[in-house]
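Dear colleague,

Please find below the structure that I am handing over to you, followed by an account of what was found in it. I would be grateful if you read the account with the structure open.

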2 protein chains.
Amino acid sequence: MRTFSPDDENNKKLVEFLKKLGLSASEIKTVTNTEIEFKKGENVCKQGSFASYIMILKEGWLKSFVENIHFKNTVFKITKPFSIIGLSCLYGDNHYHFGCQAIMPSKVCLVERTVFDDIIRTNNKFASEIIKMYSNSLQNLYDRINSISNKQSLSKVCDSLIYLSEKIFESNVIPINITRRDIAELSGLATENIVRTLAELKSANAISVNKKEITILDMDLLKRFSCFG
Amino acid sequence: MRTFSPDDENNKKLVEFLKKLGLSASEIKTVTNTEIEFKKGENVCKQGSFASYIMILKEGWLKSFVENIHFKNTVFKITKPFSIIGLSCLYGDNHYHFGCQAIMPSKVCLVERTVFDDIIRTNNKFASEIIKMYSNSLQNLYDRINSISNKQSLSKVCDSLIYLSEKIFESNVIPINITRRDIAELSGLATENIVRTLAELKSANAISVNKKEITILDMDLLKRFSCFG
DNA sequence: ACACAATATTGATAAATATCAATATTTATT
DNA sequence: AATAAATATTGATATTTATCAATATTGTGT
């Protein structure tokens, strides 16, 4: 009798996810064929480099961001398993318009763009599911632009916390692995401002902070702050 | 013998465009069936409202933006014929995450979401072309986020001018219909700052201004300013 | 052509946020 | 466990951009 390692468990879930997208057993084999590990902090892709692969996050968490010449990043998305990264590069100018970095040790399946494209062209159900992902990505970006460009720091930080809690970690606890700098990049602010704003939220009893872990105590209040603009 | 009106000409071009996307004659008839006119300044869709339609811009120009509660807008895209608007609403939460307004008198074809979806599901070539549009939209948004969130006013305004010139009007002349406020919303800045920044660019001989029309004299210089960050 | 509304322009000031500097705390490495 | 490196925190200051106010210009409708 054999026991399942956490990795087996993860494999099973990934296959389940891909099945739901409409992929056949052989297609699943194709897209999960090449697997790469990334250490925390490692670059998964570099902005401006040639985009050969579509990536499927199997394990861990990534952050995707645009960077300017002074190496200031703006994070527009945190990615959890099982997400597909790089759909924006499937067509167009063939270069990554964003960078992506592992914020925890992660495993990623690489799928050659042409292979991915072939599946889309021949598998209607999959194409349709991919279009859903595009829709969601666009909606997420509109929300982020709204936050980053129209709001003040308090609202921005609230938006980031709400996003992390509801969309990414699905918990009122934002884990210790998310640094103040991550939140700063996600909010489009300087790290020092995050510290100050978190202190403010703490004294309003909206959150509690223990070491670096943030617990959301009053989601309604965060949402009211977020709306204030 | 009959002569063609400008409208006939436009109809022909629209049909040509849709043919290139892989639509059959009957599909083209379906998607061009309902046509609506918008006056300058009129809302094409309202952020937050229920998204029933996918729209095809047949004539004119639109601006798409996210708005906050204080009615401050951030424009993320200017749309020219023949573009499709609302792809982000094809799936997801069924509400517009952005608003859209005519910046010149415009004509728009409305296609019911379910109808559009049916065509995508049955027409592979069309689905593939739509995915290209999604890719481009995402790339455009990454670029805009980079500009709006990482740069100072001079670079932001240069980015907006480059965008308008290269992507939208395909000319070094940005027409009189684009207001200072449009440029402000596109750059994520206040109108007064646009005026000041344009004066700066004028005195650097990067642009010339006549009434409200802006002519780009030195695109290379604009691009250097843009990179400076 | 006139009056009214909208848009653009300019200058002065206020507000928000970034930056800098110094220190404390946490994490990683040997 | 000791040390080094990275991250977080706090306060002071500088910079940028928004806001306000006042005027000029342009556009629109009668």
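How many residues does the contact take from chain B, and how many from chain A? The model is a predicted one, and in it the contact takes 39 residues from chain B and 40 residues from chain A. On the side of chain B that touches chain A, strand S5 (73-79), helix H3 (113-122) and helix H4 (124-150) of chain B each supply at least two residues. H4(B) gives the most to this side, with 20 residues. By class, the side of chain B that touches chain A holds 17 nonpolar, 17 polar and five charged residues.

The relation between the two chains was examined next. Chain B is superposed on chain A by a rotation of 180° with 0.0 Å of shift along its axis, at an RMSD of 0.0 Å. That is the relation of a two-fold axis. Of the interface residues of chain B, 100% are also interface residues in chain A, so the copies meet through the same surface.

The surfaces near the DNA strands

DNA strand D is surrounded by 18 residues, of which the closest are Thr179(A), Arg180(A), Gln152(B), Ser153(B) and Ala190(B). The most comes from H7(A), with five residues. The surface near DNA strand D comprises five nonpolar, five polar and eight charged residues.

Around DNA strand C there are 18 residues, and those that come nearest are Gln152(A), Ser153(A), Ala190(A), Thr179(B) and Arg180(B). At least two residues of the surface near DNA strand C come from each of H7 of chain A, helix H6 (180-187) of chain B and H7 of chain B. H7(B) gives the most here, with five residues. By class, the surface near DNA strand C has five nonpolar, five polar and eight charged residues.

The nonpolar core

The largest nonpolar core has 128 residues, and Met55(A) and Met55(B) touch the most other members. Not counting residues up to four places away in sequence, Met55(A) touches Val44(A), Ile85(A), Gly86(A), Val108(A), Cys109(A) and Leu110(A). In soluble globular proteins, nonpolar side chains tend to be buried together.

Lys151(A) and helix H5

Lys151(A) is found in the loop between helix H4 (124-150) and helix H5 (153-169) of chain A. Is Lys151(A) buried or exposed? Lys151(A) is buried, because 24 other C-beta atoms lie within 10 Å and the cut-off for a buried residue is 20 or more. Leaving aside neighbours within four places in sequence, Lys151(A) is in contact with Lys156(A), Gly229(A) and Asn68(B). The C-alpha atoms of Lys151(A) and Cys227(A) are separated by 9.0 Å, although the two residues are 76 residues apart along the chain.

The 17 residues of H5(A) should span 24 Å at 1.5 Å a residue, and the end C-alpha atoms are 22 Å apart, which agrees. The buried residues of H5(A) include Val157(A), Cys158(A), Leu161(A), Tyr163(A) and Leu164(A), and also Lys156(A) and Asp159(A). After H5(A) comes Glu170(A), with a positive phi near 45°.

In chain B, helix H5 (residues 153-169) has 17 residues and reaches 22 Å from its first C-alpha to its last, close to the 24 Å expected. Among the buried residues of H5(B) are Lys156(B), Asp159(B), Leu161(B) and Leu164(B).

Backbone geometry to check

Two residues of chain B deserve a mention for phi. Glu170(B) has a positive phi near 45° and is a residue other than glycine. Glu170(B) lies in the loop between H5 and strand S9 (173-174) of chain B, and counts as exposed, with 9 C-beta neighbours inside 10 Å. Asn94(B), not a glycine, has a positive phi of about 70°. The place of Asn94(B) is in the loop between S6 and strand S7 (99-102) of chain B, and with 11 C-beta neighbours inside 10 Å Asn94(B) counts as exposed.

There are also cis peptide bonds to report. One joins Pro81(A) and Phe82(A), with omega about 0°; Phe82(A) lies in the loop between strand S5 (73-79) and strand S6 (84-85) of chain A. The peptide bond from Pro81(B) to Phe82(B) is cis, with omega near -5°.

With kind regards

Note on methods. Residues are numbered from 1 along each chain as its sequence is written. Chains are lettered from A and ligands numbered from 1 in the order in which they are written. This is a predicted model: local features need pLDDT of at least 70, side-chain atom pairs count only at pLDDT 80 or more; totals for chains, interfaces and linings use all residues. A residue is near a molecule or strand if its C-beta atom, placed from the backbone, lies within 6 Å of it. Helices (H or I, at least four residues) and strands (E, at least two) are DSSP runs, numbered from the N terminus. Ala, Val, Leu, Ile, Met, Phe, Trp, Tyr, Cys and Pro count as nonpolar, Asp, Glu, Lys and Arg as charged, and the others, Gly among them, as polar. A nonpolar core is a set of buried Ala, Val, Leu, Ile, Met, Phe, Trp, Tyr and Cys residues joined through C-beta atoms within 7 Å. A residue is buried if 20 or more other C-beta atoms lie within 10 Å of its own, exposed if 12 or fewer, and partly exposed in between; C-beta atoms are placed from the backbone. Two residues are in contact if their C-beta atoms, placed from the backbone, lie within 7 Å. The expected span of a helix is 1.5 Å times one less than its number of residues. Copies are superposed by least squares on the C-alpha atoms of residues with pLDDT of at least 70 in both.
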